[in-house]
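Trainee: I would like to go through this model with you, one question at a time. Please show it first.

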Amino acid sequence: MRWGVIVFPGSCDEQDVYDCLKHVVKQDVEFLWHGENLKNGFDCLVLPGGFSYGDYLRAGAMARFSPIMPGVVEFAARGGLVLGICNGFQILCEAGLLPGVLTRNSSLQFVCRQVYMRLEETDTPFTCAGKKGQLLKLPVKHGEGCYYADPATLERLRQNRQILFRYVDGKGKNAAGANPNGSIDDIAGVCNTGRNVFGLMPHPEDATEKILGSEDGLKIFLSIVAACEKREKGARVG
Amino acid sequence: MMRVTIFVSLKEGVLDPQGKAVERSLHSLGFAEVQEVRMGKYMELSLNLPSREEAEKRVREMCARLLANPVIEDYRFEIE
C-alpha cells in the first residue's frame, strides 16, 4: 500500500510520521506538498501535526484552503483513508470532513504529556487490529485540543459510534485529570459516518518504538495496513 | 472604498476559558460587578466594491467560509 504525508507550511510532525511509516512499519511512503494537486495512487493520506499557517485565525482554518485539499476531499468521498493527527485533526474538522471543532484547552495551557486513551470501536480501518476497551498510551502536545460539538451532533456521534477513542486514566476509567484538554465527553478521536476519515489529538507516530516510551501507536498504523491488505483484493481507491 | 468592521463571538453555551480567566482577573482587581466576560475577535477590512448591497453579500460569504466557524461562532458586521 502507498501512504502520502501532506506537508503544510508550519507542519512539524511530518518527519515523525514518515520515519515511523518507513522504518518501523516498513511502508511505501512519500511527502506531498500542500501547494500541489493530489496525485493518484495512494491508499492512505496522513495530515500531520504542527501549526499550519501559524494557527492564524483558528487552528486549521487556513490549511483547508490549500490547493491539495479539494483532492483530499474527493479522495475521502471515494472511500480513501484519511488520518488527521493533532493539527491534521483540526484541519479535517475545519474542512468539514469530520464533525465538530477543536478549541483552546480548558486549562488555557499548552499540554505536553503522556495520556491514556481507550479504544471504543473496532469496526473501522483505523482500529480493526485492536480490541474494544484496550488502552493506548500516547503523547499529546497541543494548545487547542478541546473537542466541541453541539448536543445534537454529539448525540449523533454516539449513536453512529463515531467516537473511536476517549481519554481515560491508566486503569481505563473516566477520571478527573485523565482528559488533558477539557474535550466534551472525553473525546480523543472521532471518525466520519463513512468510517474512512479519522482524526485524533494524541500522536500515534510518537509512540511506535520502545525507546519512545510506548509502542501503542503502532496499533493504529497496523490496523490501517491490515484494512488495506483486505482491500487490495478489490480495486485501489486512489 | 468601504470600511467593514467584523465582530466574531462565541455562540451561547460554548465554553470560553479565556473569558473565564479574564473574568476572574477583573474580580481580583475589585470589579465585583462583572457578571460574565466573553472573548471574541474584531477585524477591519477595506473593500473596493460599488455598492453596499454587494459588500454585505460578499462579507457574509467571507464570514461563512473563513472568518467564523459556524460550529462555535456567530458574527456581525458594520459597513461605513
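Mentor: Helices (H or I, at least four residues) and strands (E, at least two) are DSSP runs, numbered from the N terminus. This is a predicted model, in which local features need pLDDT of at least 70, side-chain atom pairs count only at pLDDT 80 or more, and totals for chains, interfaces and linings use all residues. Residues are numbered from 1 along each chain as its sequence is written, chains are lettered from A in the order in which they are written, and side-chain values use heavy atoms, with hydrogens and water left out.

Trainee: Which pattern does chain B follow along the sequence?

Mentor: Chain B has 2 helices and 3 strands. Read along the sequence, they give the pattern β-α-β-α-β.

Trainee: What radius of gyration does chain B have?

Mentor: The radius of gyration is taken over C-alpha atoms, and the globule rule is 2.2 Å times the number of residues to the power 0.38. The C-alpha atoms of chain B fill a box of roughly 50 × 25 × 15 Å along the principal axes. For 80 residues a compact globule would come near 12 Å, but the value for chain B is 16 Å.

Trainee: Why does the radius of gyration of chain A agree with a compact globule?

Mentor: Along its principal axes, the C-alpha trace of chain A spans about 45 × 40 × 40 Å. A compact globule of 238 residues would have a radius of gyration near 18 Å, and chain A agrees because its own value is 16 Å.

Trainee: What percentage of the residues of chain A count as buried?

Mentor: Buried means under 20% relative accessible area, exposed over 50%, and partly exposed in between (1.4 Å probe, protein chains only). In chain B, 31% of the 80 residues count as buried. For the 238 residues of chain A the figure is 58%.

Trainee: How many residues does the contact take from chain A and from chain B?

Mentor: Contact means heavy atoms within 4.5 Å. The contact takes 15 residues from chain A and 14 from chain B.

Trainee: Which three residues supply 43% of the area that chain A buries against chain B?

Mentor: Buried area is the accessible area (1.4 Å probe) that two parts lose on being put together, summed over both. Chain A and chain B bury about 1200 Å² between them, with 66% of it on carbon and sulfur atoms. On the chain A side, the three residues that supply more than any other three are Leu57(A), Arg58(A) and Tyr148(A).
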